[in-house]
Amino acid sequence: MRPIQTLPLPGNVLSKLLTGGFLFCEDVFEEDGKKIKLEARERLNNLPAEVVRKLESIQECPKTITALDLYNEEIKSEQIVTFSQSVDKLLDGGITLGEVTELSGASGSGKTQLCLQLCISVQIPTILGCVEGEAIYVDTNSGFSAPRLDEIAKASYSKCVNAIRIQKLDIHKLPVDHRSWLEGVQLMEVHTWEQLMATIYIINGILKSNSKVKLIVIDSLNFPFINMENTLTRTELVCRVVKQLQKIAEDFKVAVVLVNQLTTRIVKQEAILQPALGDYYGHILSKRFLLGCEANPQQTHSIAVYKSSSLPASFVEFMITGNGIEDVE
């Protein structure tokens with residue numbers, strides 16, 4: 001006989017079942033293991049309704065999807081470009097909507113600059129092959145710069161005007177001037193992990209009423225947790241935040257970009273730099289990219305695939321200019 005403790009149920013539910021005299025699965029389910037016995041259901045009525053709901057949920061088989069259906073969904077996913085062809089190529093077209101993407105790197109590696117560029121790029125009209133959306137920027141380390149965003153918006157607007165004229169498209173699809181794109185970026189300042197959790201709840205409500213939002217940036221994810229000494233608690237909270245953001249990305253088809261810092265780790269008596277927040281956090285992310293600043297006369301920056309189930313290991317160089325993110329000349 002199978003002990004009731006082997007069921008995938010929360011500890012409090014298992015405790016209620018054991019207290020109610022249900023010691024084995026056979027005490028609850030029919031022989032096929034799918035239906036609750038009639039006599040068991042009568043006894044379960046004496047237990048909290050939550051216990052019955054949990055037991056019934058076990059019987060529900062997860063929905064299946066074919067690999068072809070999944071592939072077709074992925075290739076139809078919209079993307080946010082960066083204005084650098086080499087970076088977009090490495091990203092397989094850009095930052096994908098419906099996914100969580102991490103950008104890690106040391107200070108000065110270009111993480112925030114790339115995020116500011118994405119906040120403008122997400123608003124480029126569909127006639128130019130973009131998503132024409134809006135952005136929410138969650139700033140946890142006071143790194144957001146409105147003047148810099150204005151500078152990037154102005155340069156990007158000029159590039160879009162030129163592209164529309166070359167392709168002989170409708171110029172009226174663009175806003176009257178670049179400052180309209182500044183209105184399309186909502187800034188939320190956060191300093192503690194409690195505020196971050198509350199902010200994610202608020203964002204969920206915003207997305208329900210505003211379908212134009214297509215990008216959420218958290219810059220940086222690690223700062224609200226930086227003074228938390230209990231590593232286990234920190235990992236649990238960080239993973240809870242990421243799982244909530246993953247659900248938001250999937251449910252609302254928005255791109256979520258998480259900025260992360262680097263930390264030093266000792267491996268075989270050798271110090272190596274790697275993204276902060278630990279291994280378990282890294283396991284639940286499917287797309288991670290590492291940014292760096294190259295030591296050369298042009299002071300170029302680089303972005304490398306750190307982890308991806310769909311992209312090959314590679315890196316490219318790009319430039320950060322007054323105009324934003326651009327290809328190396």
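The following questions and answers concern a predicted model of one protein chain.

User: How many helices and how many strands does the protein chain have?

Analyst: Along its principal axes, the C-alpha trace of this predicted chain spans about 75 × 55 × 35 Å. Among contacts between residues at least 6 apart in sequence, 61% join residues at least 24 apart. The secondary structure of the chain comes to 11 helices and 13 strands.

User: What share of the residues of the protein chain count as buried?

Analyst: A residue counts as buried when its relative accessible area is under 20%. Applied to the 329 residues of the protein chain, this gives a buried share of 43%.

User: Is C119 buried or exposed?

Analyst: The cut-off for a buried residue is a relative accessible area under 20%. C119 has a relative accessibility of 0%, and therefore C119 counts as buried.

User: How many disulfides does the count come to?

Analyst: A disulfide is called when two cysteine sulfur atoms lie within 2.5 Å of each other, and by this rule the count comes to 0 disulfides. C119 illustrates the result, since the nearest cysteine sulfur, that of C115, is 7.0 Å away and C119 is in no disulfide. For the model, then, the number of disulfides is 0.

User: Are the helices α9 and α10 roughly parallel or roughly antiparallel?

Analyst: The axes of helix α9 (residues 193-209) and helix α10 (residues 231-252) come within 11 Å and cross at roughly 10°. Angles under 35 degrees count as roughly parallel, so α9 and α10 are roughly parallel.

User: How many nonpolar residues does the contact of α9 with α10 have?

Analyst: On the α9 side the residues are W193, L196, M197, I200, N204, L207 and K208, and they meet L237, R240, V241, Q244, L245, I248 and F252 in α10. By class, this contact has 2 polar and 2 charged residues, and the nonpolar residues number 10.

User: Which residue in β12 is the bridge partner of H301?

Analyst: Strand β11 (residues 301-308) runs antiparallel to strand β10 (residues 287-293), with 7 bridges joining them, and within this pairing G292 stands opposite S302 in β11. Strand β11 is also joined to strand β12 (residues 315-321) by 4 bridges, again in an antiparallel arrangement, and a hairpin of 6 residues leads from β11 to β12. In β12, the residue that partners H301 is F318.

Conventions. Residues are numbered from 1 along each chain as its sequence is written. This is a predicted model: local features need pLDDT of at least 70, side-chain atom pairs count only at pLDDT 80 or more; totals for chains, interfaces and linings use all residues. Side-chain values use heavy atoms; hydrogens and water are left out. Buried means under 20% relative accessible area, exposed over 50%, partly exposed in between (1.4 Å probe, protein chains only). Two strands pair if DSSP finds at least two bridges between them. Helices (H or I, at least four residues) and strands (E, at least two) are DSSP runs, numbered from the N terminus. Axes are lines fitted to C-alpha atoms, for helices over the stretch in contact, and angles run from 0 to 180 degrees between N-to-C directions. Angles under 35 degrees count as roughly parallel, over 145 as roughly antiparallel, 65 to 115 as roughly perpendicular and the rest as oblique. Contact means heavy atoms within 4.5 Å. Ala, Val, Leu, Ile, Met, Phe, Trp, Tyr, Cys and Pro count as nonpolar, Asp, Glu, Lys and Arg as charged, and the others, Gly among them, as polar.
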